[in-house]
Amino acid sequence: MSRNRTSLASVAAAACAGLLTLSACGGGSGFDDGGSSGEGGDGKITVLIGSSGDAETKAVEKAVADWSQESGTDAEVTVASDLNQQLSQGFASNNPPDVFYMSTDQLGGYVENGSLLAYGDQLSNADDFYPNLRQAFTVDDEFYCAPKDFSTLALWINTTKWEAAGLTDADVPTTWEELADVAAELKQGEQPGLAFSPEYQRVGAFFPQAGGAMTDEQQTEATVDTPENQEALDYVQQLLQDGSAQYSSTLGAGWGGEAFGKELAPMTIEGNWLVGAMQNDFPDVDYTVAELPAGPQGKGTLAFTNCWGIAESSPEQEQAVDLVEKLTSAEDQAAFAQAFGVIPSVESAAAAYKEESPEVAPFIDGADYAQNPPSTVGAADVITDFNSQLEGLADGDPAAILESVQQSLQATVGQ
Amino acid sequence: MLPVVVLLGLFLVAPVLMALWVSVSDWRGNGSPFGGDVGFVGLENYRQILAGGGLAERDFGTSLRNNLFYVVLVVPLQTMIALLLAVLVTRRSLRGRGFFRTAFYFPSVTSSVAITVLWLFLFSTTGVVNKILGWFGLNGPAWFQDPRGVLHLLLGAVGVDRAPAALGENGFLGITWWDWVAGPSVAMSAFVLMAVFTTSGTFMLLFIAALNNIGDEIEEAGLIDGANAWQRFRFVTLPMLRPTLFTVLTLGLIGTWQVFDQIYTGTQGGPAKTTLTPAYLSFQSAFVNQQWGQGAAIAFVLFAIIVVLTLVQRWVLSEDRGSRGERARADAVRAGVTARQQGGGVAGGAA
Amino acid sequence: MSTATTTAPRARATGTYVTYAVLALLAVVYVMPFLIQVATSFKTEADAAANPLSLVPSTATAEAYRTLFSDSPLPTWFANSVIVTLVVTTGRVLFCSMAGYALARVPFRGRALAFAVLVAIMAVPNVVLLIPKFLVINQLAIYDSYAGLIIPLLADASAVFIMKGFFESIPASVEEAARIDGAGTFRIFWSVVLPMARPAVMTVIILSFQASWNELNHFIVASQDPGLFTLTKGVAQLASGALSQGTQYPLKLAAALLMTLPVALVFFVFQKRIVNTTTGAVKE
């Protein structure tokens, strides 16, 4: 009897202790109900994307389904709600998707820890990509992954407000001075003439216009605290202080496009992804798009691109490369361009797109002089930090901001 | 009995040991952290966040500053308001007592995610709070987008808007002393109000229990002496509430160092990193930026901070012996219970 | 009653009015946000931005709810939350009452140690354990599965404490009687003691329901598959703009409201008990 009691007690205590530790630390008896996705070796390709909306999701799903049918290999598209976090957890749990969107600012980290398969040169269309997009996904002369498309920034103008202010096509700004003038002219009380998101991904477009850049071309040296960049930030700061420009966040909008669509500001700096949003969410706003005005050193903009990453540990590498080959073909890219307004990453398809949809010309033209954001290991953190400092730009010290970013970015390029 | 001890060791010690290993390794989140190609880097990750001189140190310093101001504001505020609510609803002749208790306690049972969503709306640029401020002719700030430090704003109002040389050049953990004294940002202040809103109900219940325990006799005793209401409260009731007060302060202290849910839901550390907290930074470093070593190191440092604070608290409690000792210990047990349920720091549920 | 009371009645009356005024004001502050939430969830986005304070939508619309139910993964999140909450609550009642009984009544070697471990675990803050949790869940191959979402939440130290406290208050004579009748420890626990513990079990059910329904950070680190999102995780990501562009307050507030309803329901049904347990527990 007493023996009996002790053993029951041990079991209960063990169960209790085990479960409690689980509750605190995680752990457990360990069984797998097979609910996890993307196990290796089952011949199924999992594709993880960060979608801008239904249009993008459906277009990618369709393209992948078509490939599945042709190749006879199962494939499943998953839309991440937080791509960075999901990708990171996928790799850390040894269960990454086979094919996924990879942004330039995360590229360095994933290359460094050996997560990415360098397959770029295996593609038959490897040489058709825009050279600077190819460059964006090349680390140490290895072309890691195929750019899936790209976007550049341009100046968006609300034509109704534009005309109401007595402005004409001839007034579309082509220089910094003209931009400052029309922004001041369009300003109405609290409402600014220009609004954009408080981040390097918008403000940074002024750097190349002043002749500056975040790093040298090979990304071996940070060049943040240069007189050129300082000039650009001073200019932006002046716009903000005059009230002719304001951050979208100050206006209560989530991003520049929302401020523009809700007519909180008659001009914004955004990329071609806004085309779809305007169509769906703000169909009543009339607008036109122009190239960003040139600064003292000419035209400049930023290019954003994602590639189709393939996991080094994917058991289905060959199939994955085959899928990417199809997804980056001129035909598929043309379909994506039509569906959600991205610009094809192969030049021939981009040219065709420009012909078909002349309104996107300013974005495609931007490709010729666009700069890529830095993509060194840790660059993502630095940019996040830069963005947080830019939020305080209006009352801040541009020189101090650039200096601190210089230090953090230099620490990432020296590796 | 041996298996039990083994099990205990395995389940309690193993996970923490795993994380400890990660915090001294160069694992970057690809494959198993226990694989052959993961190297030992000693205290490098700790050095990076405590004395690295780089972004990692500055981020950690910033997160500590943010959380420190949060703690310093939330703990006294929620304690005072909870006590006020408790005193008001325990008045003997009060009608509608149940309604008031329910109203004050309800925010505590809702999830921190739901409350944060609500708060984002209330404190949006064109939101409810600014509307109300507008009635008084005040132009409300853009709350969750406003990174300006409240103390800096106050100093600015009296003409000090640049760092004095002594404060601007030196600093600690990568942040100048001037930035250390920035105060909570306007955005963080909104979170402070939210924490008070969601936790005061829970603590109110603790105070109500204590007040009921004290009973009416003591108040009667005070009456006979001709003391007024405030004097009765100050010199009779308050001293008797000391053990509960300690409990509430401890709970507050532990809970407020664990701000996570609100930040994940609401601001992700922004604007300008002024709502970054150590708990969120640890998560972000590991799960988003793949700096698992640094993330784990931050978690252990945060744990150390909380342990030290708890020990300080226990030491203070041990000064307080005698008849209250037993009660204090019982309260401390409750403290643990509630602190765990608080998890993200607010909306702990019925503790 | 002494001389001091001659002025007291009037002072007391004034005091009462002041009390009611202060209480009414505070009640408005505490209740208003939720009323505004309900109202806004039925507004159009423009209306929500223009008249955030109004409690009556200028044109009532259920658009937000329609979108949530037909065009978003919210039904999946809801289902997952229900599954996880039910299993976790059931599990906690079973395991924690057994553990509480063992700690209260069954003498075994290591009981003191087990109790010490319990206290130690309570002291470790949840957010510090995010990374350890992920590592262990991963190592046990239950990452990204219902098992990973549920098992680590099954035991809860505070529930064990509540059960232990209750069992200790039951007179030992009851069990002695059963033992004389030849019942084993488990029999005694299951058919004699547990039925007596209904009030404590109810408390554990309410607390577990709330805690697991409102849990967020464990779900963040235990899974990544969108099919395994719970309401808290889904709505949190909805709020941070991951699934949508723009502010969309009516939609977000509606989602938050749907998430609040079940706990609110439990709260209002059991509020007497909730308030009493909380206060009673401190009373000793």
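Trainee: How do you know what share of the contacts in chain B join residues at least 24 apart?

Mentor: Two residues are in contact if their C-beta atoms, placed from the backbone, lie within 7 Å. Among such pairs in chain B that are at least 6 apart in sequence, 72% join residues at least 24 apart. This is a predicted model, in which local features need pLDDT of at least 70 and side-chain atom pairs count only at pLDDT 80 or more, while totals for chains, interfaces and linings use all residues. Residues are numbered from 1 along each chain as its sequence is written, and chains are lettered from A and ligands numbered from 1 in the order in which they are written.

Trainee: What makes up the secondary structure of chain B?

Mentor: Helices (DSSP runs of H or I, at least four residues) and strands (E, at least two) are numbered from the N terminus. Chain B comes to 17 helices and two strands.

Trainee: Why is helix 13 of chain B called largely enclosed?

Mentor: A residue is buried if 20 or more other C-beta atoms lie within 10 Å of its own, exposed if 12 or fewer, and partly exposed in between, with C-beta atoms placed from the backbone. Eleven of the 15 residues of helix 13 of chain B are buried, so the rest of the structure largely encloses this helix. Among them are B:Pro243, B:Phe246, B:Val248 and B:Ile254. Over the 351 residues of chain B, 56% are buried.

Trainee: Which residues touch the most other members of the largest nonpolar core?

Mentor: A nonpolar core is a set of buried Ala, Val, Leu, Ile, Met, Phe, Trp, Tyr and Cys residues joined through C-beta atoms within 7 Å. The largest has 292 residues, and B:Phe207 and C:Met163 touch the most other members. Helix 10 (residues 186-214) of chain B gives the most to this core, with 19 residues. Leaving out residues up to four places away in sequence, B:Phe207 touches B:Ala82, B:Leu83, B:Ala86, B:Leu241 and B:Thr244.

Trainee: What does pLDDT say about residues 1-41 of chain A?

Mentor: pLDDT is the predictor's confidence in each residue, from 0 to 100. Chain A averages 84, with 89% of the residues scoring at least 70, but pLDDT stays under 50 over residues 1-41 of chain A. Where pLDDT is low, the predicted coordinates should not be read in detail.
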